[in-house]
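User: Can you walk me through this model? I'd like confidence, then strand pairing, then a few residues.

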Amino acid sequence: MTRRRRHSSFSDRAGAAAVALASAAIAAALIALPRPAAAQACCVGTGLVTPARLRTFESGALGVQMRARSVMGSFSAGGDYATSAAGNRDLGFEEDLFGALRLGSRFQVGLWAPFVQTSRSQAGFSGFGGGLGDVAANARFDATDAGTRGHWPGIAILAALSFPTGQPPDAGGMNDLLSTSGTGTGSFEGSLGFALEEIVGQGFVSVAGWAAKRSARSANGVEQSFAPRVSALLSGGYTFGHDITVGAFASALRQGDNSDLNGPIANSSVGLVTAGGALALPFWQWWRLQATLFSDLPIAGWGRNQTAGFGGTVAVIRSWI
């Protein structure tokens, strides 16, 4: 019997995890002087790319974010890259609410609630939709702190769990031909990883890696299971006076072929590489602004079954000590 092979309708969503490591939030138009304290890379720099992470002296934080991304092309199953056809439009927007709480000197937990919108136009059709995305909880345990044990780096254990609170792309039916109403994956997803961080004067470098696994689900009447996904994030930067920090980052993800009842689905693996720059700017006591610009790298062989896009994020965060 010939096995039926089909691409997962969710492969275009898997790359959101890597890009999401560069998330940020909506800026407030407040003007005030930054704190006059001397800058410390250990307190500011290591949270430059992940705004929901608490700094060493913070007991809690709340924030809001906004993210925008425009698709410029896509990768085929074989890794070839092609730009989008003239007249096609694919824009993604996301507004997030997030919070973090410290439970002891080395343990912190967080919660992330995204609101997703998509606008697409293709072959004379157009659509717009959105709603609540997949809510996620995360935890971090800092076994050692960067810059406190000589040449030993800071070491942390990372864990997260997302819930299928969003609508999967296939749930829109015939009234949503461009799947613009999709806001989630339709699966639970758990991840476990680690981070290494080093402080050198006012500079810092951090590398993190983790593995994630989605729960199986039925899509268009076909039961699907998903291969583990491996992701990595490299970031670094420099902290100037008044805690102003600039940096750069690169992230990559790889996921193997998914499976249905007949076995592995050929050519359904996923890959994507993203790079960008980041800025953290404190203002008015315990508030700070964080922003990033990013682009998926449109290089043949560096992605599979993914759209490639560019965009930016901006976040405003209120913290407590």
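This is a predicted model: local features need pLDDT of at least 70, side-chain atom pairs count only at pLDDT 80 or more; totals for chains, interfaces and linings use all residues.

User: What is the mean pLDDT of the protein chain?

Analyst: It is 82, and 83% of the residues reach 70 or more. pLDDT is the predictor's confidence in each residue, from 0 to 100.

User: Where is confidence lowest, and where highest?

Analyst: Lowest in helix α2 (residues 16-20), with a mean of 39. Highest in strand β1 (residues 60-75), at 95. Over residues 1-46 the pLDDT is below 50, yet that stretch has 153 contacts in the model beyond near neighbours in sequence. Contact means heavy atoms within 4.5 Å. Helices (H or I, at least four residues) and strands (E, at least two) are DSSP runs, numbered from the N terminus.

User: On to pairing. How many bridges join β8 to β9?

Analyst: Twelve, between β8 (residues 189-200) and β9 (residues 203-214), running antiparallel. Strands pair if DSSP finds at least two bridges between them. Glycine 190 has lysine 213 in β9 as its bridge partner. The two strands form a hairpin with two residues between them. In that turn, glycine 201 has a positive phi of about 65°.

User: And how many join β9 to β12?

Analyst: Ten, again antiparallel. Serine 206 has serine 235 in β12 as its bridge partner.

User: What does leucine 234 contact, leaving aside its neighbours within four places in sequence?

Analyst: Val205, Ser206, Val207, Ala248, Phe249 and Ala250. Leucine 234 is in β12 (residues 229-239). Its C-alpha is 8.5 Å from that of alanine 248, which is 14 residues away in sequence.

User: Why is leucine 234 classed as partly exposed?

Analyst: Because its relative accessible area is 46%. Buried means under 20%, exposed over 50%, and partly exposed in between (1.4 Å probe, protein chains only).

User: Is aspartate 260 buried or exposed?

Analyst: Buried, because its relative accessibility is 9%. Aspartate 260 sits in strand β14 (residues 259-260). Aspartate 260 and phenylalanine 226 are 34 residues apart in sequence, with 9.0 Å from C-alpha to C-alpha.

User: Last one: which strand holds phenylalanine 141?

Analyst: Strand β6 (residues 136-144). Phenylalanine 141 counts as partly exposed, at 36% relative accessibility.

Key. Residues are numbered from 1 along each chain as its sequence is written. Side-chain values use heavy atoms; hydrogens and water are left out.
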